[in-house]
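Hi,

Here is the structure I promised to pass on. Have a look at it first, and my notes follow below.

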Amino acid sequence: MPFYDVSYCYPLDDAQRQEIAERITTLHCTMFNAPALFVNIRFSPIKDEEYWYGGKRKANTNRIFGHVRSGSNRSQEAFAQLAEEIETIWSEVVGKTPSDIGPSNHRILQAVFIIPGITAREEGLTIPPVNRSLL
């Protein structure tokens with residue numbers, strides 16, 4: 001628990017997926033004092049999907065959904081920082097130059113969504129609430 005879902009159309013190789021997973025895990029553990037054991041990351045290759053925003057179809061998007069626990073010590077600013085740093089990780093691993101920006105580029109990360117407020121069980125255990133004294 002947390003769960004990060006990396007949906008991508010750009011063909012990530014094994015080394016890129018490994019580095020993104022390691023860096024998101026480290027980022028989450030550092031920001032929220034969480035054990036790495038519970039950071040879940042799924043890579044979901046996509047193609048020919050129906051993804052729309054602004055009322056228009058957007059083909060070939062890369063995006064990351066982060067489902068994380070909320071708590072009184074996890075502010076909107078912290079979640080915004082998490083999203084920004086995840087975007088930086090993607091750009092550093094996959095690459096991004098000024099010529100990469102544009103509607104037809106498949107390399108750029110379209111969006112990062114951080115969704116707080118998860119209650120879960122994992123490995124047969126109830127995940128305890130966020131402990132403010134540890135953060």
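Asn 62 is buried, because its relative accessible area is 0% (buried means under 20%, exposed over 50% and partly exposed in between, with a 1.4 Å probe and protein chains only). Asn 62 sits in the loop between strand 4 (56-57) and strand 5; strands are DSSP runs of E of at least two residues, numbered from the N terminus. A polar atom of the Asn 62 side chain lies 2.8 Å from the backbone nitrogen of Cys 9. Beyond its neighbours within four places in sequence, Asn 62 is in contact (heavy atoms within 4.5 Å) with residues including Tyr 8, Cys 9, Trp 90 and His 106.

A word on the source: this is a predicted model, where local features need pLDDT of at least 70, side-chain atom pairs count only at pLDDT 80 or more, and totals for chains, interfaces and linings use all residues. Residues are numbered from 1 along each chain as its sequence is written, and side-chain values use heavy atoms, leaving out hydrogens and water.

I also found 3 aromatic pairs (ring centres of Phe, Tyr and Trp, the last by its six-membered ring, within 6.5 Å; planes under 30 degrees apart are stacked, over 60 edge-to-face, the rest tilted). One of them is edge-to-face, because the rings of Tyr 8 and Phe 43 have planes at 75°, with centres 6.3 Å apart. Tyr 8 is buried at 8% relative accessibility.

Phe 65 and Phe 113 are stacked, with centres 4.8 Å apart and planes at 20°. Both are partly exposed, Phe 65 at 24% and Phe 113 at 32%.

Best wishes

Methods:
Helix = DSSP H or I, 4+ residues; strand = E, 2+ residues; numbered from the N terminus. Polar contact = N/O pair within 3.5 Å; in protein donor to acceptor, adjacent residues only side chain to side chain.
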